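Open the model in your viewer and keep the sequence panel beside it.

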Amino acid sequence: MEQRLSIFTIGVKDLSAMRAFYEQKFGWTPEAVNKDIVFYKINGSLISFFSARALMEDAKIAYEENSNRHYALGYIVNSEKEVDELFAQLESKGVTIIKRPVKTFFGAYTGYVQDVEGNLWDIGTNPLIPLDAQHNVVTHKDIRHLEQ
């Protein structure tokens with residue numbers, strides 16, 4: 001696994017308030033946004049804000065109201081084969097698999113592992129997040145059509 005970070009997803013209680021803070025106070029511009037999630041490009045990666053409850057539900061971890069562990073580090077690769085190979089490699093090294101990779105409704109293929117202190121890594125491939133030759137995030141494609 002290369003030493004890089006593709007996405008840092010922070011689970012939030014109030015997405016509207018977080019967007020207002022980062023856009024009005026920091027002056028950030030969203031890269032992609034819908035009613036459920038917002039992505040901001042920072043250098044060669046993305047930071048996203050997503051419901052803390054939904055993030056924990058996706059990772060199959062119990063939501064705890066007062067926890068500060070409502071986040072996931074994202075590692076994007078280019079293919080499902082690479083995802084499967086990486087999960088096999090990590091599992092062979094004793095890494096805890098939280099959720100095996102599955103196909104999502106929007107075409108991503110992703111799963112979760114955790115480090116020795118319980119920090120989540122969301123590892124997968126996502127057709128909405130193209131990478132450059134150095135595996136830096138290029139952009140996040142429009143996601144408004146994914147609102148449910």
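**Stop one: Ser45**

Select Ser45, which sits in strand β4. Strands here are DSSP runs of E with at least two residues, helices are runs of H or I with at least four, and both are numbered from the N terminus. The model is predicted: local features need pLDDT of at least 70, side-chain atom pairs count only at pLDDT 80 or more, and totals for chains, interfaces and linings use all residues. Residues are numbered from 1 along each chain as its sequence is written, and side-chain values use heavy atoms, with hydrogens and water left out.

Is Ser45 buried or exposed? Ser45 counts as buried because its relative accessibility is 13%. Buried means under 20% relative accessible area, exposed means over 50%, and partly exposed lies in between (1.4 Å probe, protein chains only).

Now show what touches Ser45. Leaving aside neighbours within four places in sequence, Ser45 is in contact with Leu5, Ser6, Tyr40 and Val137. Contact means heavy atoms within 4.5 Å.

Select residues 37–42 for β3 and 45–51 for β4. The two strands pair antiparallel over six bridges. Pairing requires that DSSP finds at least two bridges between two strands. Find Lys41 and look across to Leu46 in β4, which stands opposite. Then go to the turn: two residues separate β3 from β4. Asn43 in that turn has a positive phi of about 50°.

While side chains are displayed, keep one rule in mind. In a regular strand, side chains alternate between the two faces of the sheet.

**Stop three: back to β2**

Ala32 has Phe39 in β3 as its bridge partner. This is a hairpin too, with three residues between β2 and β3.

**Stop four: the whole chain**

Zoom out and colour by secondary structure. How many helices and strands does the protein have? There are three helices and eight strands. From the N terminus on, the order is β-α-β-β-β-α-β-α-β-β-β.

Along its principal axes, the C-alpha trace spans about 45 × 40 × 30 Å. Of the 148 residues, 39% count as buried. Finally, consider contacts between residues at least 6 apart in sequence: 53% of them join residues at least 24 apart.
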